[in-house]
Amino acid sequence: MSTFILAFVCFLVVAIAMSLGYLVQRKAIAGSCGGLGSLGIDKACDCPEPCDRKKARLEREEARQTKLNEWKQNQIL
C-alpha cells in the first residue's frame with residue numbers, strides 16, 4: 001500500500017508541476033511529433049499529420065513576420 005501511495009504522490013507532483021509550467025508560460029500546449037518537432041526535425045516519427053501541421057504553421061508565421069518587417073521598413077522610409 002505504501003508503494004501505491006508513494007507512486008500516486010509522485011505522479012501528483014509531476015502533474016502539478018506541468019500545470020504550473022503551462023500557467024506560467026501562458027502559451028497553448030502544441031502537439032509535436034514525438035517531442036522532437038521543436039528541434040527542427042521535419043519528420044521524427046510515423047505521425048505525419050501533426051508534423052505537417054506544425055510545418056505549415058511555422059511557414060505562415062514566417063510569412064507574417066516577413067510582411068511585418070517589410071511594413072516596418074516602408075514606415076521608416
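Accessible area here is what the Shrake-Rupley method gives with a 1.4 Å probe. On that basis, the protein in this predicted model exposes about 7100 Å², and carbon and sulfur atoms supply 62% of that area. Here is a quick tour of what else stands out.

**Overall fold**
- You will find two helices and zero strands in the protein.
- Of its 77 residues, 5% count as buried.

- Helix H1 covers residues 2-25, and Leu-23 is found in it.
- Leu-23 has a relative accessibility of 55%, so it counts as exposed, the cut-off for that class being over 50%.
- Leu-23 also belongs to a nonpolar surface patch of about 1200 Å².

- Side chains of opposite charge can pair when their charged atoms come close.
- The count of salt bridges in this model comes to one.
- That salt bridge joins the side chains of Arg-57 and Glu-61, with 3.1 Å from N to O.
- Both residues lie in helix H2 (residues 48-76), and because Arg-57 and Glu-61 are four residues apart there, about one helical turn separates them.
- Arg-57 has 30% relative accessibility, so it counts as partly exposed.
- Glu-61 is partly exposed as well, with a relative accessible area of 35%.

Technical notes
Residues numbered from 1 in each chain as written. Predicted model: local features only at pLDDT ≥ 70, side-chain atom pairs only at ≥ 80, totals over all residues. Heavy atoms only, no water. Patch = residues over 30% accessible without salt bridge, like charges linked within 9 Å, V, L, I, M, F, W, Y side chains within 5 Å. Salt bridge = Lys/Arg side-chain N within 4 Å of Asp/Glu carboxyl O. Buried < 20%, exposed > 50% of the residue type's maximum accessible area, 1.4 Å probe, protein only.
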